Amino acid sequence: MFQVYLPIAEISVNLVLMLGLGAAVGFLSGMFGVGGGFLLTPFLMFSGIPPSIAVATGANQIVATSVSGALAQWRRNNIDFHMGALLIVGGVAGALIGVILLKMLREAGQAGLIISLTYVVLLGTVGLLMLVESIGAMRRTRAGRPASGRKPGQHNWIHRLPLKLRFPRSRLYISAIPPLVIGWVVGLLTAFLGVGGGFIMVPAMIYLLRMPTNIVIGTSIFQIIFVTAVVSVLHATFNQTLDVVLALILAAGGVMGGQFGVKAGQKLRGEHLRALLAVMVLAVAIRLLFDLVLKPAELYSISPLLAGV
Amino acid sequence: MMRRALLLATLLGFMPLVAAAAQAASPTPPKEELQAELSTREISIQSNFTGIEILVYGSIDFSQTKAPDPGNYDVIAIIRAPSQPLVARRKERVAGIWVNSRGEVYPAVPGFYAALSTRPFRAITSDETLKTLGVGIVNLDFGRPATEDLREAQYRSAVIRLKQKQQLFQEDDDGVSFVGRSLFRATVALPVNVPTGRYTADVYLFRDGELISKNLSTLEVNKAGFERTIYLLAFNQPFAYGLLAVLVAVLTGLAGWFAFRRE
């Protein structure tokens with residue numbers, strides 16, 4: 001019932017299941033204010049989509065969800081276009097490296113492993129940090145102190161780097177190097193993991209660049225649109241792993257789910273939301289780790305020959 | 001008198017012909033000939049494709065079976081998709097995690113292979129004939145000769161096991177059944193993950209272990225309609241396809257923005 005054949009993945013999936021997956025991830029991303037790619041790609045892998053196709057298709061789905069998000073942010077004048085442009089330049093460079101790296105790994109039959117490993121390390125670290133931080137915040141609230149423990153920005157080593165540029169919207173005068181490097185890392189992650197990379201970019205912009213918090217989210221989404229779009233085109237061109245039918249189903253579900261997620265998120269307190277998200281992120285990391293560590297029932301696998309082994 | 005003589009002469013004159021006709025009727029009958037056909041010659045994979053069952057049927061012309069039941073004929077049908085190179089890899093434990101090893105390349109593995117017959121293959125004919133015709137999964141060479149090597153044997157059996165699990169390799173030695181004296185039929189289920197291309201359907205007729213007739217035909221499995229357009233675009237114009245995917249995503253995002261805008 002409602003089976004849909006995916007022309008690139010060459011498998012048949014349940015339409016309702018995939019719409020539901022898109023909606024669930026959209027709901028979570030709306031609720032937590034995150035992109036959700038780091039949940040979507042592993043979930044696609046869990047449901048039997050080959051890892052490389054999950055990555056490329058996940059990136060394409062993020063284009064759709066971030067377009068809606070960026071429009072909302074743009075109307076509130078929350079985007080620093082100068083900073084965004086630098087992040088995009090770095091992002092595109094990182095994306096190129098990521099796509100080529102993934103192509104090489106696919107040919108060597110190691111793409112699935114390295115994608116999973118990177119996810120485990122990244123999600124494990126981010127999840128643990130978030131959990132510790134949110135529990136700390138909850139304790140402070142209970143003790144009667146304000147939940148936010150962050151002090152107003154002071155100048156750090158980042159501000160002593162050369163090539164200084166002015167960013168009027170963020171009211172910053174800093175070197176172009178840190179945004180380029182941050183963009184590069186995020187672009188690499190987008191190409192390699194099918195994530196938007198907001199969960200790296202947002203903290204980096206707040207803590208390293210000392211950008212105003214209200215501008216950080218909008219600028220990050222702005223960068224994500226362009227980098228995920230470039231990653232989509234690059235994966236389609238070099239790896240032929242983008243399934244447009246799957247991406248469309250996921251995006252349709254995601255756009256709808258996101259609306260309800262935003263409402264649900266408004267009912268929960270920030271530190272509770274972060275703790276909840278941290279637990280989910282850790283759960284995904286642990287599940288991926290189990291798949292890597294437990295002895296598989298079938299040790300052998302077959303795949304089409306992509307290039308000389 | 002005259003008439004009787006004439007009749008006799010006529011009869012005598014026709015004698016050789018009559019004899020020949022009589023001979024043709026009993027001791028050396030015409031050779032059996034196999035006729036076979038598929039229920040479909042073209043399979044289109046569209047968005048609702050979840051696999052398909054095809055029927056292989058046919059008959060034996062000049063069948064000499066007297067009674068319908070214990071036939072003296074055997075039929076083997078082989079449905080085969082084009083071969084492709086394939087890598088088989090084995091996971092090994094490295095520092096606590098399971099990692100794919102370098103793997104073995106098999107240059108020509110049929111994308112799909114089904115062998116159906118009336119009886120177990122080896123009861124029908126000699127191993128040699130089976131090997132020449134490529135009947136039975138064990139008789140496929142995957143584009144490289146089989147060796148006695150244990151590792152090789154493990155990899156080869158893994159390829160077969162995995163392909164069988166995906167229903168891309170099938171064997172059924174009870175898959176062809178006779179209906180009456182000369183009619184036979186067999187069904188093959190093509191799973192959803194079948195590769196595309198021109199398939200061959202070879203049907204062989206055996207009597208007493210001897211191949212007496214064969215029928216070779218083809219079957220086209222292609223993506224059709226929208227799926228075909230997408231697939232061709234993705235592989236022939238990948239850059240344009242990527243741009244199209246981005247455009248679709250942007251439009252979806254815009255649609256979402258307009259549909260759910262809160263103002």
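**Figure 1. Helix α6 of chain A and the residue that follows.** In this predicted model, helix α6 (residues 177–193) of chain A holds 17 residues and reaches 24 Å from its first C-alpha to its last, close to the 24 Å expected at 1.5 Å a residue. Of the 17 residues of α6(A), 13 are buried, so the helix is largely enclosed by the rest of the structure. Just after α6(A) comes Gly194(A), which has a positive phi of about 70°.

Figure 2. Helix α1 (residues 15–32) of chain A has 18 residues, which should span 26 Å at 1.5 Å a residue; the C-alpha atoms at its ends are 26 Å apart, in agreement. The buried residues of α1(A) include Met18(A), Leu21(A), Val25(A), Phe27(A), Leu28(A) and Met31(A). Gly22(A), Gly26(A) and Gly30(A) are buried too. Against which elements do the buried residues of α1(A) pack? They pack against β2 (11–14), α2 (37–46), α3 (51–75), α9 (244–266) and α10 (270–293) of chain A.

**Figure 3. The hairpin of β1 and β2 in chain A.** β1(A) and β2(A) run antiparallel and are joined by four bridges. One of the paired positions is Val4(A), whose bridge partner in β2(A) is Val13(A). Four residues lie between the strands of this hairpin, where Glu10(A) takes a positive phi near 55°.

**Figure 4. The contact between chain A and chain B.** Chain A gives 46 residues to the contact and chain B gives 50 residues. On the side of chain A that touches chain B, the elements giving two or more residues are β1 (3–6), β2, α3, α8 (213–238), α9, α10 and β5 (300–304) of chain A. By class, this side of chain A has 30 nonpolar, 14 polar and two charged residues. For the complex, the predictor gives an ipTM of 0.86 and a pTM of 0.81.

**Figure 5. Strand pairing across the two chains.** β5(A) pairs with strand β5 (residues 83–94) of chain B in the antiparallel sense, over five bridges. In this pairing Ile302(A) has Ala88(B) in β5(B) as its bridge partner.

**Figure 6. The largest nonpolar core and the surroundings of Ala247(A).** The largest nonpolar core has 104 residues, and those with the most contacts inside it are Ile225(A) and Ala247(A). α8(A) supplies the largest share of this core, 15 residues. Which residues are in contact with Ala247(A), leaving aside its neighbours within four places in sequence? In chain A they are Thr57(A), Asn60(A), Gln61(A) and Leu242(A), and in chain B they are Ala245(B) and Ala249(B). A second, separate core has 49 residues, among them Val56(B), Val109(B), Ile124(B) and Leu140(B).

**Figure 7. Chain B as a whole.** Chain B has six helices and 13 strands. Of the 263 residues in chain B, 30% are buried. Among contacts in chain B between residues at least 6 apart in sequence, 70% join residues at least 24 apart. The mean pLDDT of chain B is 84, and 86% of the residues score at least 70.

**Figure 8. Strands around β13 of chain B.** Strand β13 (residues 210–223) of chain B is joined by four bridges to strand β2 (residues 42–45) of chain B, and the two run parallel. Ser44(B) has Asn222(B) in β13(B) as its bridge partner. Strand β12 (residues 197–207) of chain B also pairs with β13(B), in the antiparallel sense and over eleven bridges. In β13(B), Leu211(B) stands opposite Phe206(B). The hairpin formed by β12(B) and β13(B) has two residues between the strands, and Asp208(B) in the turn has a positive phi of about 50°.

**Figure 9. Leu243(B) in its helix.** Leu243(B) lies in helix α6 (residues 238–260) of chain B. Is Leu243(B) buried or partly exposed? Leu243(B) has 16 other C-beta atoms within 10 Å, and a residue counts as buried at 20 or more and as exposed at 12 or fewer, so Leu243(B) is partly exposed. Asp173(B) is 70 residues apart from Leu243(B) in sequence and 50 Å apart in space, C-alpha to C-alpha.

Notes:
Residues are numbered from 1 along each chain as its sequence is written. Chains are lettered from A and ligands numbered from 1 in the order in which they are written. This is a predicted model: local features need pLDDT of at least 70, side-chain atom pairs count only at pLDDT 80 or more; totals for chains, interfaces and linings use all residues. The expected span of a helix is 1.5 Å times one less than its number of residues. Two residues are in contact if their C-beta atoms, placed from the backbone, lie within 7 Å. Ala, Val, Leu, Ile, Met, Phe, Trp, Tyr, Cys and Pro count as nonpolar, Asp, Glu, Lys and Arg as charged, and the others, Gly among them, as polar. Two strands pair if DSSP finds at least two bridges between them. pLDDT is the predictor's confidence in each residue, from 0 to 100. A nonpolar core is a set of buried Ala, Val, Leu, Ile, Met, Phe, Trp, Tyr and Cys residues joined through C-beta atoms within 7 Å.
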